[in-house]
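Colleague: Please put the model up, and then I will ask about it piece by piece.

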Amino acid sequence: KQCINAEYGRLDRLKIIREELRMTKQDPFMGCNLGIIKSRVLWWRENLPKIEPAADCMMMAGLPPVSKMLNGAGCWFYALSKNELRELISIGTDPGRIIFAQTVKTKRTLSLR
């Protein structure tokens, strides 16, 4: 799975999508405009200042551009697995903004070994 930042005009986006379909054949991909996502986070912060925006890591698995952009915008994250925790820490997420929501946690998982 990969992510394409479609921060271009409509014709450019269609060209990128057609090229991606031609090259990957069956592989799934997601096209998104990171600028729109970032503007939504900024809107949230401006209009709902007492509520911190948060993102579900499972929805962003394998989409580092989205995770990095949300991390840069100061979003919180819900993580369910050790791999999601590692991914968030690897992109520089403050551990204080990660909610480890898995109901059963082993000592090993909590130590990230």
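Modeller: Arg45 forms a salt bridge with Glu52; the term stands for a side-chain nitrogen of Lys or Arg within 4 Å of a carboxyl oxygen of Asp or Glu. This is a predicted model, in which local features need pLDDT of at least 70 and side-chain atom pairs count only at pLDDT 80 or more, while totals for chains, interfaces and linings use all residues. Residues are numbered from 1 along each chain as its sequence is written, and side-chain values use heavy atoms, with hydrogens and water left out.

Colleague: How far apart are the closest N and O atoms of Arg45 and Glu52?

Modeller: Side chains of opposite charge can pair when their charged atoms come close. Arg45 is partly exposed, at a relative accessible area of 29% (buried means under 20%, exposed over 50%, partly exposed in between, with a 1.4 Å probe and protein chains only). Glu52 is partly exposed too, at 40%. Between the two residues, the closest N and O atoms are apart by 3.1 Å.

Colleague: What is the order of the strands in the open sheet?

Modeller: Strands here are DSSP runs of E with at least two residues, and helices are runs of H or I with at least four, numbered from the N terminus. Two strands pair if DSSP finds at least two bridges between them. E4 and E5 run parallel and are joined by three bridges. The sheet has three strands with parallel pairing, in the order E3-E4-E5.

Colleague: Which are the edge strands?

Modeller: An edge strand pairs on one side only. In this sheet those strands are E3 and E5.

Colleague: Is Cys57 buried or exposed?

Modeller: Cys57 sits in the loop between strand E3 (54-56) and H3. Leaving out residues up to four places away in sequence, Cys57 touches Phe77, Tyr78, Ala79, Glu84 and Leu88, where contact means heavy atoms within 4.5 Å. Its relative accessibility is 7%, so Cys57 counts as buried.
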